[in-house]
Amino acid sequence: MRPVVRSTSNKTDKLKRKSETTHFPLDYSKQYMGDSLFSAGFPGKVLESPLYDNSKEYFYPEMVNGVHYNISRINTYAPLYGYSQDYIMKRLDSLFYENIPGKILKQKEISSQGVPGYDILSITRRGDYQRYQIYVTPLEVIIIKMGGTGDFVKTESDRFFNTFSFNTKKPAGWRTLNSRKGGFTIKMPVDLKISNDYIDHAGGSELFQGMDLSDSSYYFVMKAVLHDFYYIEEDSFELNYLSKLLRDELNMQKISDSLFSIDGHPAIHSVSTRDSSRFLHTRIIIKGADYYLLG
C-alpha cells in the first residue's frame, strides 16, 4: 500500500480562492420573534434557545456563505433598580472595548422607532467582519449580530439590518396573558415596549413583563419551580424570608408585610420603597413546588 500524494497548481489555488470569495445573495423572509415585539428577516427558519436569567437567543446558521445571524434578548429589570435607558446606554458603551471581538472600525448611536441603540462594525484578527446593532428598551437589551468569513458582512449586512423593525401594531392598553404551560392567567398593560414572555423548558419557570408608558409603571410575573428536598420550613417563615431577600437585593426599605391566602395557598403582600417617591408592591404565592412573584 502506498500513499497518494496530491499535487496542487496555480490553477487549483485560483479556483479555491474564487470559490471561497464567491457570494450568493439570498432572500430574507420576515419572521416575528417570541412575543412579536420585533421582526427581522432571515434566509431560513430561525431557531430559538433559552439563555440564563429568563433571557433568550434566536439564531440562524447560513452555510452557503458561511454567515451566522444572532439576536439575543437580555433582561435588565431596569425599572426595579431605578435605571433609565440612558444609564444602560452609557454602561454598554463602557463595555464595548473589552467585549466586541477584534478592532472596532465604526460605532455610532442609532434609533429605531424611538428605541435608542448602537451600530458597530468590527474586524477580527483573521480579517473577518462582524456587525452589531444593539437596542435598549426600558426592560431589556436586544443584541443583533451578523458575522461571517471575509468581507461578506461588510458588503451585505445592510440588507439584513434593514429588515429589523419594532412592531408598532401591538395592541395598547391591558390584555389577558396566559401561561404557556397552564396554571394561571394575568392581566397586564402591553405596548411597544413589553418584554418577552419566556419559558425555561428544563425548569418550568416563566416570566411576563409589561409597562404602562402613560405613567411609567412596571408590572411583572415570575414563576419558578423549587423542590425543597433538603429542608422543611413553615410557609410563613419562607414567605417573609423571600420578601426580605428581594428588598435586600433591590436596596429597598420595608413599609409593610401582610400574610394571607389565595385559594387556600399561602401568600405575602409587601410594600417597599427606595426613596419615598417610587414604590414597589409585590406578592409571593406558594403552590406546592410552584413559587409565584408578582410585582
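Strand 2 and strand 10 run antiparallel and are joined by two bridges. Within this pairing, Ser39 stands opposite Ser165 of strand 10. The coordinates come from a predicted model. Both strands belong to an open sheet of three strands, ordered 1-2-10 with antiparallel pairing. Strand 1 (29–32) and strand 10 (165–166) are its edge strands, and each pairs on one side only. Strands of a sheet pair through backbone hydrogen bonds, either parallel or antiparallel.

Confidence was examined next. The mean pLDDT of the protein chain is 86. A value of 70 or more is reached by 92% of the residues. Over residues 195–199, however, pLDDT stays under 50. The model has 33 contacts beyond four places in sequence for this stretch. Where pLDDT is low, predicted coordinates should not be read in detail.

The largest nonpolar core has 26 residues. Among its members, Phe38, Phe42 and Met146 touch the most others. At least two core residues come from each of strand 2 (38–42), strand 4 (56–62), strand 5 (67–75), strand 7 (115–123), strand 8 (129–136), strand 9 (140–148) and helix 4 (152–161). Helix 4 gives the most, with four residues. Leaving aside residues up to four places away in sequence, the residues touched by Phe38 include Tyr32, Met33, Tyr58, Ile71, Ile142, Phe164 and Phe166. A second, separate core holds 17 residues, including Tyr77, Leu207, Tyr218 and Tyr291. In soluble globular proteins, nonpolar side chains tend to be buried together.

Aromatic rings were then compared. The structure holds 20 aromatic pairs. Phe164 and Phe166 form one of them, an edge-to-face pair with 5.3 Å from centre to centre and 85 degrees between the planes. Phe164 has 8% relative accessibility, so Phe164 counts as buried. Phe166 is also buried, because its relative accessibility is 3%. In a further pair, the ring centres of Phe184 and Phe208 are 6.1 Å apart and the planes stand at 90 degrees, so this pair is edge-to-face. It links distant parts of the chain, 24 residues apart. Phe184 lies in the loop between strand 11 (174–178) and strand 12 (185–189), whereas Phe208 lies in strand 14 (residues 206–212). With a relative accessible area of 15%, Phe184 is buried. Phe208 is buried at 5%. Elsewhere, Tyr28, Phe42, Tyr60, Tyr69, Phe160 and Phe161 form one aromatic cluster.

Helix 3 (residues 85–99) has 15 residues. At 1.5 Å a residue, helix 3 should span 21 Å. Its end C-alpha atoms are 20 Å apart, which agrees. The buried residues of helix 3 are Ile88, Met89, Leu92 and Phe96. An α-helix has 3.6 residues a turn, so residues three or four places apart point the same way. The cover over the buried residues of helix 3 includes strand 6 (103–112), strand 7, strand 8 and strand 9.

Two hairpins share strand 17. Strand 16 (residues 253–262) runs antiparallel to strand 17 (residues 265–273), and nine bridges join them. Here Ser256 stands opposite Val271. Two residues lie between these strands, and Asp263 takes a positive phi near 55 degrees. Strand 17 also pairs with strand 18 (residues 279–287), in the antiparallel sense, over seven bridges. In this pairing, Thr273 stands opposite Phe279. The hairpin of strand 17 and strand 18 has five residues between the strands, and Ser276 takes a positive phi near 65 degrees.

Terms used:
Residues are numbered from 1 along each chain as its sequence is written. This is a predicted model: local features need pLDDT of at least 70, side-chain atom pairs count only at pLDDT 80 or more; totals for chains, interfaces and linings use all residues. Side-chain values use heavy atoms; hydrogens and water are left out. A nonpolar core is a set of buried Ala, Val, Leu, Ile, Met, Phe, Trp, Tyr and Cys residues joined through side-chain atoms within 4.5 Å. Buried means under 20% relative accessible area, exposed over 50%, partly exposed in between (1.4 Å probe, protein chains only). Contact means heavy atoms within 4.5 Å. pLDDT is the predictor's confidence in each residue, from 0 to 100. Two strands pair if DSSP finds at least two bridges between them. Rings of Phe, Tyr and Trp (its six-membered ring) pair if their centres lie within 6.5 Å; planes under 30 degrees apart count as stacked, over 60 as edge-to-face and the rest as tilted. The expected span of a helix is 1.5 Å times one less than its number of residues.
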